[in-house]
Amino acid sequence: MNVSRLVRQAQRGNKEALLELILAEQDAYYRLAYSYMGNEHDAMDVMEDMIVTLYEKLEQLNKREAFYSWSKTILVNRCKTVLRKQERYLPLDGEVDREPSLAAWTADNPYRYTESEMDMSALLAHLNPRQREAIELRYVHDLPYQTIAEMTDSPVGTIKSRISQGIQKLKAMIGGDRYENDRGEITGASADHDPIRT
């Protein structure tokens, strides 16, 4: 798929080209919206709002190859706006005790939580909201630093710092200062105290 060509066609009024661009990343859009909104209904609503905004403002996009980062920025901004209006904005899963909807647990929902995702959510809940948001956008949603910076209206260096500090906190919580090298030897800060070898 040639993103630049499709964006050019969509900017000239080809609705099918815009639809093709959106459908190519629909799962990523949904996961991103769901991570902010916390339920399927609100996630779908903000995605609809994003599509309308894309249609209305597509001619303003100068760098066609940046369509996906631009559209995800629009989606995140819409999520934040809706959450602020509902007075429940806390970046990404800020409501620690919030349970996923029943649909999130059913086998026919491809976005349901897995055990490792639930464990990760519990760990991320111990970080401050800005660190959690930056880490999830980078590693869960696989967004580049520049896109995260634009979404959060923060400098790239600040985003990198939030991620680094958050990862250090996570490592401290799970004992991540040690690892097994390719020879099966335990190395790292606590390796001197733990003679276990595998």
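**Exercise 1. Determine whether Tyr30 and Tyr34 are buried or exposed, and characterise their ring pair.**

Solution. Both Tyr30 and Tyr34 are buried, where buried means under 20% relative accessible area, exposed over 50% and partly exposed in between (1.4 Å probe, protein chains only). The model is predicted: local features need pLDDT of at least 70, side-chain atom pairs count only at pLDDT 80 or more, and totals for chains, interfaces and linings use all residues. Residues are numbered from 1 along each chain as its sequence is written, and side-chain values use heavy atoms, with hydrogens and water left out.

A pair of aromatic rings is described by the distance of the centres and the angle of the planes. Rings of Phe, Tyr and Trp (its six-membered ring) pair if their centres lie within 6.5 Å; planes under 30 degrees apart count as stacked, over 60 as edge-to-face and the rest as tilted. By this rule the count comes to three aromatic pairs. For Tyr30 and Tyr34, the centres are 5.7 Å apart and the planes make 35 degrees, a tilted pair. Because the two residues are four apart in helix H3 (residues 26-37), about one helical turn separates Tyr30 from Tyr34. Helices (H or I, at least four residues) are DSSP runs, numbered from the N terminus.

**Exercise 2. Classify the ring pair of Phe67 and Tyr68.**

Solution. The ring centres of Phe67 and Tyr68 lie 5.2 Å apart with the planes at 80 degrees, so the pair is edge-to-face. Phe67 has 0% relative accessibility and therefore counts as buried; Tyr68, at 15%, also counts as buried. Ring pairs join Phe67, Tyr68 and Trp70 in a cluster.

**Exercise 3. Identify which charged residues sit over the ring of Tyr145.**

Solution. The criterion requires NZ of Lys or CZ of Arg within 6 Å of the ring centre and within 35 degrees of the ring normal. Arg138 lies over the face of Tyr145, 4.4 Å from the ring centre. The charged end of Lys160 sits over the ring of Tyr145 at 5.2 Å from its centre.

**Exercise 4. Describe how H9 and H10 cross, and which residues meet.**

Solution. Axes are lines fitted to C-alpha atoms, for helices over the stretch in contact, and angles run from 0 to 180 degrees between N-to-C directions. The axes of H9 and helix H10 (residues 156-174) come within 8 Å and cross at roughly 105 degrees. H9 is therefore roughly perpendicular to H10 (65 to 115 degrees). With contact meaning heavy atoms within 4.5 Å, the residues of H9 that meet H10 include Tyr145 and Ile148, and those of H10 include Lys160 and Ile163.

How values were computed: Angles under 35 degrees count as roughly parallel, over 145 as roughly antiparallel, 65 to 115 as roughly perpendicular and the rest as oblique.
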